Amino acid sequence: MPRTTVARIDTSAIRHNYRLACERAGPARAMAVIKADGYGHGIAAVAKALAEDAPRYAVACLEEALAVREAGLSQPVVMLQGPHQQDDMAVFARQGFQPVLHSHYQLEWLRALQTAPAFWLKVNTGMNRLGFPPQDLAAQVEPLLNAAVTRSALQGFVTHFSCADDPASPETAEQTRRLCQATARWPHLEKSVGNSAAHFLAEQPLFDWSRPGIMLYGSSPVIGRTGPELGLRAAMTLEAPLIATRTLKAGDRVGYGGSWVAERDTRMGMVAVGYGDGYPRHAGTDTPAAVRGRRIRLIGRVSMDMLAVDLSSVPEARDGDSVELWGPQVSVDEVAAHAGTIGYELLTGVTARVPRLYR
Ligand SMILES: *Cc1c(COP(=O)(O)O)cnc(C)c1O
């Protein structure tokens, strides 16, 4: 019998969330961001689930883009970091992968080609990770528009927001202004801005292409809001069985270091999931979970293969019951907050030991 620790993936939730992204994107089209194995949900399954709706995908590296082709899908795939090696360029051109070029060495690789792939230029409007500075853009664009190989291959400009998760930050509007100013000379070229969070900012234009990622999976991109509050549906339910239950006496300790001490007699259970499955070790006592439709809490330290829960609120819980670690009842964002991280890290961190089961 296989272990019943599983990640159930609801592909209809992914479709629902993508449609919400499209509604919120207004006139912009949304390229579905499916990097990092579809944020841990399985890149091929996510790509297929969105195949009828998404006109374009976006990924971080070549292996991910090839996985889309291996899934039998022919949409263009935007390569958010561009090529990592010169040979990548020819593959991009053959496969319909669209690199976002951010550095001079990548432009040199482009110029060395007989046939250029459709490509984008990254503009650094303030994130200061990647991209050409706005004042430097004309010096890059004009030669590309004057060269036969690259002229019609240049799609447009990409920039990335650093603070869109905080509606109170003025930075997103400022980055938008810098992008518009830097690209005003080429109105025929497209603009792509907007991670998931930007879809929830009032008055924020998303131009030609937005790039929703985390929201497709139902986790909240906005500080202080949960996915369901934003109309999103959890796409992953991380589930594991109760494999032991007992009643502790007041004063009994639980787990490594004996860090949790029962104040009174307490019904408790052990759940077969731990940091070896990607459950965060930093999620401590009081992190929520659910069993039999009711919320329970973790107690003590998370181990590699199990964790302990307080069953006081569900005394009828039995060995073999399935516990939801995150999903529709317990938002991954809540668990992340208890672990001092973000839903992104938890979803992408579910390990290969956990089978993904698709519905
Ligand atoms: C990952 C990524 C996105 C998607 O961001 P989310 O916050 O997950 O929506 C968009 N654009 C770029 C450049 C990215 O790297």
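How far is an oxygen atom of the ligand from an N or O atom in the side chain of tyrosine 344? Select both: the distance is 2.6 Å, a polar contact (a pair of N or O atoms within 3.5 Å; within protein, one must be able to donate a hydrogen and the other to accept it, and residues adjacent in sequence count only if both atoms are side-chain atoms). The ligand on its own exposes 390 Å², of which the protein buries 92% (Shrake-Rupley areas, 1.4 Å probe).

This is a predicted model, in which local features need pLDDT of at least 70 and side-chain atom pairs pLDDT 80 or more, while totals for chains, interfaces and linings use all residues. Residues are numbered from 1 along each chain as its sequence is written, and side-chain values use heavy atoms, without hydrogens and water.

Now show tyrosine 39, where a polar side-chain atom lies 2.5 Å from an oxygen atom of the ligand. At arginine 211, a polar side-chain atom is 2.9 Å from a nitrogen atom of the ligand.

From arginine 211, move to histidine 160: their side chains make a polar contact at 3.2 Å. Leaving aside neighbours within four places in sequence, its contacts (heavy atoms within 4.5 Å) include Lys122, Met127, Gln175 and Asn195.
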